[in-house]
Amino acid sequence: MKRKAKNITSPSSGPDAKDTEFARKFKETISHHLLSFQGRDPERAGGRDMYKAVAYGLRDILVEKWINTQKGYYTKKQKRVYYLSLEFLVGRSLGNSLLNLGIMDQVEKVLVEMGLDLDELRDIEEDAALGNGGLGRLAACFMDSIATLGIPGYGYGIRYEYGLFFQKLIDGFQIEAPDNWMRYGTPWEFERQSQLFPVRFYGHTNTYRDDNGRHRVEWVDAEEVMAMPCDMLVPGYKNNNVINMRLWTARASRELDLNYFNQGDYIGAVKSKVRSETISKLLYPSDERLEGQELRLKQQYFFVAATFQDILRRYKKYHTRFDLFHENTAVQLNDTHPAIAIPELMRLLVDEEGLGWEQAWNICVKTFAYTNHTLMPEALETWPVEMLGKVLPRHLEIIYEINSRFLDRLAAAYPGNDSILGKLSLIAEGSVKRVRMAHLAIVGSHSVNGVARLHTDLLTGKIFKEFHEFFPGRFNNKTNGITPRRWLLKCNPDLADLIIETIGDAWITDLDKLRKLEPYADKPEFQKKWRMVKKNNKRHLSEFILETCGVNVDPDTMFDVQIKRMHEYKRQLLNVLHVIVLYHRMLSGPGRKITPRTVIFGGKAAPSYWQAKLIIKLISSVADMVNKDHRINGALRVVFVSNYNVSLAEKIIPAADLSEQISTAGTEASGTGNMKLSLNGALTIGTLDGANIEIREEVGPENIFIFGMTAEEAEQKRMHPDRTPREICDANPVISRAVESIADGSFSYGDTELFRPIVESLLSTGDPYLLLHDLEDYLRCQEQIGRAYQDKKSWTRKSILNVTRMGKFSSDRTIKEYAEEIWGVPVH
């Protein structure tokens, strides 16, 4: 059974003349694109042909609105915002474009008249694999909000030919396959083949005196790669505003070396082309080898260098001087990946445009803003000085000059305090000198923001405390948000319809309006409808799980969901331990009343992250045993949904009853999965970490389940533990039995070696994620949840209130704060 997303503002009465004319023109458009673009006979076209024809038809509508939007920017002389991100996890575009253009019903009707099913066409589309996880999905939500709020903005990144990887589970082990999302091409982009920009690598620098006697530097003898822009259009919600993500793809400066070719060396003839185009081939190449690290650095500079050539091209159309550059241009760095943009802009201003250092630096700092996304020290990006100097020789010189001037300022502010100079320096000394990209981003930006209040407090109070003291007012908080268009209206149409039927549709662009739903939280008839929507969503997901995973799950069980990138700090292992405890309880006490559950996992582990991959294997092994054990009569099911992506999230999130947000306090910057699940009526079990704290404040402590240590308590526990993990096991037979069952081969057919690394990490006194220290309270909290779920009226009320109180977590609110407080762009 297919679910139909609805265009909530289309009339329910019969077709009017305008709809009839739209239907006629859109049918003609589909036929035109089948014939002219694809060379297909409309009467014999297959599903993929029809999907592309419909997509091209929508792209026609989008590009017309985009051109008008761009003209408006120039006419009004508006300040431009450039959002630089190595990832944009956009998912599928067909359904989102139809919703935001407000023509879902009209197009669906046209397709029905042509004998086509819109949902089937939507399923044909590949997810655009341009990101990995929360960072990329946040960027995509921000693009939606920038378009909806009418902010003159652009997204800049890389158009990867292959995504992170396609995840398969074979015998429970994660196997990575290429994610060739472009195998059939994509109808959603425009390749701008006439706008190639050269990007240079390697070479060396020369110094000289110009005609005015000034000291100048030139970068010479460099290799050159061409950057070709590919524009993907992003419509705002029913406002005729369309912006674009400009994603760069690498092209060789020479397609073929004829000297090699004529000598019969056909491989050598194209070697340079292949090496050049590798830059945009794959998202996050493995950095286990130096070659992979160098490729990552080249990717970052490639898109930054092309982007700034494009920004300057646009600026120079109407300006001959750079005095007002920062008043016309705002650049947001989404984490440290684009931080090489700071020395690149300095190079352009000083070397190419001839500005003095101080003037260029003043422009640079006023132009850039930096968003930090991590509290994990290992995730604060650094590059070996030797490698950076080899790949980008001029940029290393500029970074050293930035650092020298910064250290002079530090020395003046802290005379005699050499330790603070070493701590804040852009260069980390050691056996291998490294450039600290986060330090570069902080020094080179006028704004540095965290993405949740706790995250920002930890940045300013601990991780970057001295920077915060030296640059008062530079640090600020911008709590993340999600777009309600994709994460409620599109992914959960039945719930959206119920809400619209009850309070109207103003919440779609003003999520605070959901508060109007609160008076209905206790109304029995409304609660009944709410439960029916959730039940239907769970039924759809159950059918999908049976079809793809071969596991038969009961929609009447609690759907307990943890879907996110696999990492030890996110503590999927804590969830598995609870599953094992539940399983043991069901076996040892058949008469005990335990709330039936379906525990759903999804997420990818980095290819070289062996511990996370082993946790996936453990989940799969536990699932295999639990799901086959007839003694528990289906009261517990465990599912790992492979190849988790945006489209899968849109299926799983509307069906979730319980949202697992259980990272060790003080490790998650914000999280946005927690927001998506709450917005769709799931209750949260979580630690006081990331945005969970703010969700608790908004929904009320009685409507969320909090357990475990605070960030401060966790830090204290690491430094001064009162018990070792082994002592916790010895004192608690339930925990001891769960850990022992992993160790003794109960879930690995007697193999006691397979999961030994997991057991050792659990029992290690140096476990940084404190799993066993939090496990007792987690188990207590889960028992409380089991009892609460049995009270359907109370649970439904909590579910409704979670949705009604999620207004703060709209990305519209977040972007409005960025625009007004960082970018200096008014939002009307």
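Reader: How many helices and strands does the protein chain have, and what makes a stretch count as one?
Author: The secondary structure of this predicted model comes to 33 helices and 23 strands, where a helix is a DSSP run of H or I with at least four residues and a strand is a run of E with at least two, numbered from the N terminus. Because the model is predicted, local features need pLDDT of at least 70 and side-chain atom pairs count only at pLDDT 80 or more, while totals for chains, interfaces and linings use all residues. Residues are numbered from 1 along each chain as its sequence is written, and side-chain values use heavy atoms, with hydrogens and water left out.

Reader: Why are strand 20 and strand 23 said to stand at the edges?
Author: Six strands form an open sheet with parallel pairing, in the order 20-19-18-21-22-23. Strand 20 (636-641) and strand 23 (705-706) each have a single partner strand, so one side of each is left without a neighbour in the sheet.

Reader: What does helix 32 touch on that sheet?
Author: Helix 32 (residues 792-804) packs on the sheet and touches strand 21 (658-661), strand 22 (683-686) and strand 23, a contact being heavy atoms within 4.5 Å. The direction of helix 32 makes about 85 degrees with that of strand 22; such angles run from 0 to 180 degrees between N-to-C directions, with axes fitted to C-alpha atoms, for helices over the stretch in contact.

Reader: Which strands form a hairpin with two residues between them?
Author: Strand 3 and strand 4 do, and Asp171 in the turn has a positive phi of about 55 degrees. Five bridges link strand 3 (residues 166-170) to strand 4 (residues 173-177) in the antiparallel sense, and Phe166 stands opposite Ala177.

Reader: How do you know that the radius of gyration agrees with a compact globule?
Author: The globule rule is 2.2 Å times the number of residues to the power 0.38, and the radius is taken over C-alpha atoms. For 828 residues a compact globule would have a radius near 28 Å, and the protein chain has 28 Å, so the value agrees.

Reader: What share of the residues is buried?
Author: Buried residues make up 60% of the 828 in the protein chain, buried meaning under 20% relative accessible area with a 1.4 Å probe, protein chains only.

Key
Pairing = 2+ DSSP bridges. Buried < 20%, exposed > 50% of the residue type's maximum accessible area, 1.4 Å probe, protein only.
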